[in-house]
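Subject: Structure for you to look at

Hello,

Here is the structure I promised you. Please open it first, then read my notes alongside.

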Amino acid sequence: MKPPYSLRRYQPEDSTALRDIFHAAVHQRAARHYSAAQCAAWAPATYDHAAWQQHLHARQPWLLCDGSRIIGFADLQPDGLIDLFFVHPAAGGQGAGTQLMQHLLHEAQRLRLPALHAQVSLAAEAFFLHHGFSVRQRNSVTLRGQQLENCLMEKRLP
């Protein structure tokens, strides 16, 4: 496991790097659980840059950096929702996701949130289970004509 990475907040100039991480995570890591057509529906090669920037601006994710290189990002909304949680596949297994999750848990405690919840892909389910989340509901969502399975997961906080 690598030493701790640095964390910082999202800036508008980070949007392309974050999109690259998202695309790589879906097409490389999630591809073990979803077909190529499902991955293409979830993270298409072309996308609306302005809409992506607006989504990131609204979510204000934390970025995990290895030096100056962004390797992951995650957000925590005031109601306890984790909407975005992605780590570049090249950084997998090196503690990056765990450091991001620990940061979110620390923030949740600081904000005195009673629980965290997320719509979690099949690819991320084991990771969230490992960090104390439980499956509340299994879902099937339609995205760009493709059915994708995911689950609502929750973690109650002390």
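**What I found**

S15 sits in helix α1, which covers residues 15–29. Helices (H or I, at least four residues) and strands (E, at least two) are DSSP runs, numbered from the N terminus. Before you go on, note that this is a predicted model: local features need pLDDT of at least 70, side-chain atom pairs count only at pLDDT 80 or more, and totals for chains, interfaces and linings use all residues. Residues are numbered from 1 along each chain as its sequence is written, and side-chain values use heavy atoms, with hydrogens and water left out.

Is S15 buried or exposed? S15 is buried, because its relative accessible area is 6%; buried means under 20%, exposed over 50%, partly exposed in between (1.4 Å probe, protein chains only). Leaving aside residues up to four places away in sequence, S15 touches Y10, W52, Q53 and L56. Contact means heavy atoms within 4.5 Å.

Now look at helix α3, residues 49–59. The axes of α1 and α3 come within 10 Å and cross at roughly 95°. Therefore α1 is roughly perpendicular to α3. Angles under 35 degrees count as roughly parallel, over 145 as roughly antiparallel, 65 to 115 as roughly perpendicular and the rest as oblique. Axes are lines fitted to C-alpha atoms, for helices over the stretch in contact, and angles run from 0 to 180 degrees between N-to-C directions. From α1, the contact uses S15, L18, R19 and F22. From α3, it uses W52, Q53 and L56.

**The four-stranded sheet**

This open sheet has the order β1-β2-β3-β4, with antiparallel pairing. Two strands pair if DSSP finds at least two bridges between them. The edge strands are β1 (6–9) and β4, and each pairs on one side only. From one strand to the next, the twist averages 30°. β2 and β3 run antiparallel and are joined by five bridges. In that pair, L63 stands opposite F73 of β3. Two helices pack here. α1 touches β2, β3 and β4, and its direction makes about 70° with that of β3. α4 touches β1, β2, β3 and β4, and its direction makes about 150° with that of β4.

**The three-stranded sheet**

The other open sheet runs β5-β7-β6, again with antiparallel pairing. Its edge strands are β5 (115–121) and β6 (134–143), each pairing on one side only. Here the twist averages 25° from one strand to the next. Seven bridges link β5 to β7 (residues 146–156) in the antiparallel sense. S121 stands opposite N150 in β7. Helix α5 (residues 122–130) packs on this sheet and touches β5, β6 and β7.

**The cores**

Which residues have the most contacts inside the largest nonpolar core? They are L76, I82, F85, L116 and F128, in a core of 25 residues. A nonpolar core is a set of buried Ala, Val, Leu, Ile, Met, Phe, Trp, Tyr and Cys residues joined through side-chain atoms within 4.5 Å. α4 gives the most to this core, with six residues. L76 touches, among others, W62, L81, I82 and L104. A second, separate core has 20 residues, including Y10, Y34, C39 and F86.

Best wishes
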